[in-house]
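Biologist: I'd like to go through the labels on this model with you. Could you show me the value behind each one?

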Amino acid sequence: MHLLSVEHISKTYGEKVLFQDVTFGVEDGDKIGIIGVNGTGKSTFLNVIAGVDQADSGSISIGNRVVVRMLAQDPLFQPGETALEHVLGGDSPQLKAVQGYAAAMEAIALNPESEAHQAALIAANQRMDELEAWQLENEAKTALSKLGIQQYDAKVDTLSGGQRKRVAMAAALLLPSDVLILDEPTNHIDNDSVAWLEGMLQKRRGALLMITHDRYFLDRVSNRVIELDRGEAHFYQANYSRFLELKLEREEREAASESKRQNLLRNELAWIRRGAKARTTKQKARIDRFETLKAAGPKASDGKLDLSVASSRLGKKIVEVEVISKGYGDRTLIRDFSYIAVPEDRVGIVGRNGSGKSTLLRLIAGKLAPDSGTVELGTTVKLGWFSQEREEMDDTLRVIEYIREEAEQVKTADGTTISAGQMLERFLFSPTMQWTPIAKLSGGEKRRLQLLRVLMSAPNVLLLDEPTNDLDIATLTVLEDYLDDFPGVVFVVSHDRYFLDRTVEKIIAFENGVITHHTGNYSDYQAGAEKRDQAEPAAGKTGAGKVAAASGQGEAAKGQPRERALKMSYKDQKDFEAIDGWIEDAEGELSRIAAAMEAASSDSARLQELSAEQQQAEEKLEALMDRWTELNELAEKIEAQKRG
């Protein structure tokens, strides 16, 4: 079902073209991820689609009765409303029925004898029955709880910015909509909440458009990707992993096309230099062709981030945390925690929101004092602190002035000294942008600028508190590469599972009031946690089995059963005989599609169709290979049983 059409929309900001002549449609079931470097206009793009902002040209067409809802980065709330009231405060018939029932209950509580109030309550009950709205309040509380909001009656205006965003997200998920638009939904929520949200969006009906820099989330939820790049939109019928492959293929085709253009340009230039006489029609046409070739060059690249900043020398003593405790009021967040950092430590800190992760970083940084215990830093330690809170920046300062406050120049890892301006260019701030007031930067560009300032100080111990919030994927990728070569120590609090898997080798986990240590990255930690969860009920069953065996009732008391003879079913046998041919056919189909893609390199619409075919063919081949492995393993077991 077609829900929404975007026709030739364009938008500029000052002299900068954010996006130009973008056209696409949204169908029921589409889950579209919007990606691009900070400052390319992703949020503006969604605002235009949602009707919050106006395009300079073009139009948005929405189907009859199609409901579009958007979760903005800075949601609005009514003064004095509670978290639950906000979630249940929508305009759908079901929510209005819940509101009417709540009002009728309040009225009857004040005057139980009133016939009018009794009649209103009966009518409200009937309306709730008609719309099947009885579970709505429970669903609202579940959504709030899963997103880390336990106090449903808390006034929204007393909550932190991150908590308010989570309340707004619960409302967006609960309110019925055909097209849901989310801007950075994974910011400010912990790993468990991200996993829950992932599952919710995978199962959700309708369409979804979202900006997110969480690559695992994007990979598992999206089935389409729109990349905004230097004013152009590129479309991919793929999740994030497949998008990376298709993007590489597109860039290779563009590079080949540019190589051909350069060769033609060289030939035409040689002809021009030999002294072309522009009087004849043929010669004039050739000169015009030369000018056209010259003008057809690729747009200037956004460049590539280069974070090869030198760090200060680090001594043997780095960070020693000894039996520290910290609490607020009657709540203890950290109890008797100890840790000694070793050279090149990469430590991830995980846990639910409010469990004490950022508090631990602040204790290490000396921004908080422990209630008991000690935190000691080596004399050579130079801390780099990158906070999740947006640092107060003087918006009147220009970009280069802000960086020069930290350092006029800096040494890179290879010993070269470069100026603040050169370093800004490496961070994708062009010479023109360097003289732009900070007030004109996007939120992501400000975060990138803050990161550069931290690294310009040449730290040897980095404390990163939710570094992935508001940073684009390109910046995160290069930050990950930088941390690979960083000779110092890194402590990172993050809910970005991909980032943790790429950067850390140890995990400190806040689990139900207890802090535990684990070796490995986040996926290793998560796999271990799942095994421990499975082992607990299994241990109970094992105990019961031992009791049964002791009383002579278990299977073991009767002796071991004979091993059942293995054999292939009729279907297994038929598949086993045909599987090699099927695999050969699937590989041939992939070769055919690859050849067709090469032939259609200039037809973007046909390429999209072929890309979809290629993905299906690859999935089919993968399934066949899994089946081949299964059948061959079964055949080997049958043969071994016969020999035994």
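Biologist: What makes the crossing of H3 and H4 left-handed?

Modeller: In this predicted model, the crossing of H3 and H4 is called left-handed because the near helix is turned anticlockwise from the far one by less than a right angle.

Biologist: And why are H3 and H4 called roughly antiparallel?

Modeller: The axes of H3, residues 93-110, and H4, residues 115-131, cross at roughly 155° and come within 9 Å. Angles over 145 degrees count as roughly antiparallel, so H3 and H4 get that label.

Biologist: Which residues of H3 and H4 meet?

Modeller: On H3 they include Ala97, Tyr101, Ala104 and Ile108, and on H4 they include Leu121, Ala124, Met128 and Leu131. By class, the contact of H3 with H4 has 13 nonpolar, 5 polar and 1 charged residues.

Biologist: Now the rings. How many aromatic pairs does a search of the whole structure find?

Modeller: The search finds 9 aromatic pairs. Take Tyr216 and Tyr498, with ring centres 5.2 Å apart and planes at 70°.

Biologist: What makes the pair of Tyr482 and Phe486 tilted?

Modeller: The planes of Tyr482 and Phe486 are at 40°, and their ring centres are 5.6 Å apart. Planes under 30 degrees apart would be stacked and over 60 edge-to-face, so this pair is tilted. Both Tyr482 and Phe486 are buried.

Biologist: Which residues do ring pairs link into a cluster?

Modeller: Phe19, Phe24, Phe45 and Phe235 are linked that way. Phe45 is also one of the buried residues of helix H1, residues 42-50, along with Leu46, Val48 and Ile49. Just after H1, Gly51 takes a positive phi of about 85°.

Biologist: And how much of the protein chain is buried?

Modeller: Buried residues make up 43% of its 644 residues. The protein chain has 20 helices and 20 strands.

Conventions. Residues are numbered from 1 along each chain as its sequence is written. This is a predicted model: local features need pLDDT of at least 70, side-chain atom pairs count only at pLDDT 80 or more; totals for chains, interfaces and linings use all residues. Side-chain values use heavy atoms; hydrogens and water are left out. Axes are lines fitted to C-alpha atoms, for helices over the stretch in contact, and angles run from 0 to 180 degrees between N-to-C directions. Helices (H or I, at least four residues) and strands (E, at least two) are DSSP runs, numbered from the N terminus. Angles under 35 degrees count as roughly parallel, over 145 as roughly antiparallel, 65 to 115 as roughly perpendicular and the rest as oblique. Contact means heavy atoms within 4.5 Å. Ala, Val, Leu, Ile, Met, Phe, Trp, Tyr, Cys and Pro count as nonpolar, Asp, Glu, Lys and Arg as charged, and the others, Gly among them, as polar. Buried means under 20% relative accessible area, exposed over 50%, partly exposed in between (1.4 Å probe, protein chains only). Rings of Phe, Tyr and Trp (its six-membered ring) pair if their centres lie within 6.5 Å; planes under 30 degrees apart count as stacked, over 60 as edge-to-face and the rest as tilted.
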